[in-house]
Amino acid sequence: MLEEMTESPAVAVTPRVDVFDVSVVVYVDRHLEDATRTYSQVAELLTREGRSFEFLFVDDGTDPAMKSAVAALHAVARNLRIIRLPRFYGMSVAMMVGFSHARGGLILTLGSFMQVHPSEISKMFDKIDEGFDLVNGWRVVRVDSRLNQIQTAAYNWLVRRVAQVDLHDTNCTLKLFKRTAVEEFPVYGDNYRFLPVLAARQGFRVAEVQVRQRREINQHGFYGVGIYVRRLLDLVTLMFTGRFVERPLRFFGSLGVMLIGSGFVVNFYLLYVKYVYEQSISQRPLLILGTLLMVIGVQSASIGLIGELILFTHSKNIQSYHIEKVVG
Amino acid sequence: MSKAPALSIVVPLYNEEECAENLFATIQREADKLGKSYEIVFVDDGSSDRTFHICEGLAAAHSELRVVKFRQNYGQTPAMSAGFQASRGEIIITMDGDLQNNPADMHKLLAKMDQGFDVVSGWRHERKDDFLTRTLPSRIANWLISTFTGVRLHDYGCSLKAYKSRFLKPIRFYSDMHRFFPAIASSLTGARTAEIPVSHFPRKTGKSKYGLSRIFLVIADLMTILLITRFLRKPMYWFAILGFPFLVLGAVLLVFSISQYSFSSEKSVIVPSISFLVLGTAFHFLLTGILAEYIVSTGETDGKSIIAVKTIPMAEGRG
């Protein structure tokens, strides 16, 4: 039988067998202050835990100095693979490529720099052993500036509301999960950051563990205005990737009906003005508003139709359920 | 069981620990009478009680039972869909997991199927439910679905149905589609549908999903089914039809305002503006139609590839 072709070389087919207990996926960028220290600390911890491991350093060439540092580490470290991407893709894509190459039963992701004490990681393993599928880090004693802390807290509060998942620090890059959790649903685009939310939505058991941040790290002061826009869009994405997205017409259709309805109300008011008060309405901008509302309503509904069409024509790819087990 | 059975009985279960065993025994007893090889596929839709545990025990003791366990509760359509994909029989019979349907009616469905139909739906013609809250809304819904899809059935909501599996397998079902399976199968894969009266027991626990308040959702769902069953084969044409009234209205307004500007002293700015807006909407539909053509032509599930075609091979030694 012919082997199935993979669509792009980046998304290699992961062998289903677990070769290692843990795959540690590390994103290499300029914030990775010390690749050697990251490696040795985590490797030491995993050895102490008695778990076999592999390291995957995913490097998208952000920093040439880092490239040589990782190469030097590769020469001496054991069980370390480097995955080099041809150009900068950002953390989400790099992480996902890392996942697709991982051969461990568990995947541990580390952000660009070790924000936490390595000893904190063992708490996450304890949680996994309790039977959870994904354990998310929750950075306490934040070393961020006050402003960053406030806006991060607000963001996470909104995520909890929108996603209905009880998590406090979804953006924490310290995550430990069973590989099956990422194999069962498509992680695309920037979705990686919502991994815990997506996993919880699919019925995986998600927990979080408080991890202390290392004091000595001096993080950059202010995220910039762009982050607000991005986070706002993140929230919109979260809303629209929920389950009701399987029926876009229900959403866009109701929106359309509401818009058309309010347009009707406005225009009926104008008709009333015209025929009861006998005033001319042909010069009133309100008439434009009423008509515009109706037109936008019609467009919203037609976007719902397009959404349904996209869903159905691509329904082979829709995973509307996840099977845990088949017996008999 | 290595050989594929002739018949697959698909039953979604959600928190049915009390009647799962009884259900299995009843189905088994009635299926044995049919004189066909069969399998029973239970889909545990993420029950929070002991349903799966009980089913697992039954499956260990009876080789004809398969159990598919969902990670969480997804609803009727995904459960049915997973059941379809897991079943191996040429004929698939579906029914409710709460014994509202009578498994003894299975032979009636099969007898009707033998008359040359591909989908046979049950019709609970003497409903044991409250008229105002359940029977009336469901009558309205059935009438709407029948009228819009052109597949006339009295009781779309009845779970007891029989399908030839080749008319179901090419279609992927998602969201809340289970009510429309016969309509979708009829228009997409080309199934011939029929219905027969079946017996019906009142629901013991739980609430119906389609009350009067949900009639709006039925309409939205209906639009979707309409889209799938009609638009899929010529999207441009249907979007053009949707845009046509706007074209006419816009043109009328435009002619009106041109004549106003030519002959009348009252010159309105608003009326021509509105005519542009309405004409713009007609244009929007045209563009949407083009977009729809792109989508359908690049999608994997188009209108042709899923028709359940039967090819009759060339007779040997001729031609």
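Strand 5 (residues 119-123) of chain B runs parallel to strand 7 (residues 193-197) of chain B, and five bridges join the two; strands here are DSSP runs of E with at least two residues, helices are runs of H or I with at least four, and both are numbered from the N terminus. Two strands count as paired if DSSP finds at least two bridges between them. Within this pairing, B:Gly122 has B:Ile196 of strand 7 of chain B as its bridge partner. The model is a predicted one, in which local features need pLDDT of at least 70 and side-chain atom pairs count only at pLDDT 80 or more, while totals for chains, interfaces and linings use all residues. Residues are numbered from 1 along each chain as its sequence is written, and chains are lettered from A and ligands numbered from 1 in the order in which they are written.

Strand 5 of chain B also pairs with strand 6 (residues 161-164) of chain B, here in the antiparallel sense and over three bridges. In that pairing B:Ser121 lies opposite B:Lys161, and B:Val120 lies opposite B:Ala162. Five of the five residues of strand 5 of chain B are buried, so the strand is largely enclosed by the rest of the structure. A residue is termed buried if 20 or more other C-beta atoms lie within 10 Å of its own, exposed if 12 or fewer do, and partly exposed in between, with C-beta atoms placed from the backbone. In a regular strand the side chains alternate between the two faces of the sheet. In strand 5 of chain B both faces are covered: B:Val119, B:Ser121 and B:Trp123 are buried on one side, and B:Val120 and B:Gly122 are buried on the other.

These strands belong to an open sheet of eight strands with mixed pairing, whose order is 8(A)-3(B)-2(B)-1(B)-4(B)-6(B)-5(B)-7(B). Its edges are formed by strand 8 (323-327) of chain A and strand 7 of chain B, each of which pairs on one side only. From one strand to the next the twist averages 20°; the angles are taken between N-to-C directions and run from 0 to 180 degrees, with axes fitted as lines to C-alpha atoms, for helices over the stretch in contact.

Chain B as a whole contains nine helices and seven strands. Its C-alpha trace spans about 90 × 65 × 35 Å along the principal axes. The radius of gyration of chain B is 25 Å, whereas a compact globule of 319 residues would have one near 20 Å; this radius is taken over C-alpha atoms, and the globule rule is 2.2 Å times the number of residues to the power 0.38. Of the 319 residues of chain B, 45% count as buried.

Two loop residues of chain B call for attention in their backbone geometry. Most residues other than glycine have a negative phi. B:Leu99 lies in the loop between strand 4 (91-94) and helix 4 (106-114) of chain B, and it counts as buried with 20 C-beta neighbours inside 10 Å. B:Ser175 likewise has a positive phi, near 55°. This serine is found in the loop between strand 6 and helix 6 (181-189) of chain B, and with 24 C-beta neighbours inside 10 Å B:Ser175 counts as buried.

The text now turns to the helices of chain B. The axes of helix 8 (residues 235-263) and helix 9 (residues 270-298) of chain B come within 8 Å and cross at roughly 165°. The two helices are therefore roughly antiparallel to each other; angles over 145 degrees receive that term, those under 35 count as roughly parallel, those from 65 to 115 as roughly perpendicular, and the rest as oblique. The crossing of helix 8 and helix 9 of chain B is left-handed, a term used if the near helix is turned anticlockwise from the far one by less than a right angle, with right-handed used if clockwise. B:Ile295 has its place in helix 9 of chain B and is partly exposed, with 18 other C-beta atoms within 10 Å. B:Ile295 and B:Pro235 are 60 residues apart in sequence and 9.4 Å apart in space, C-alpha to C-alpha.
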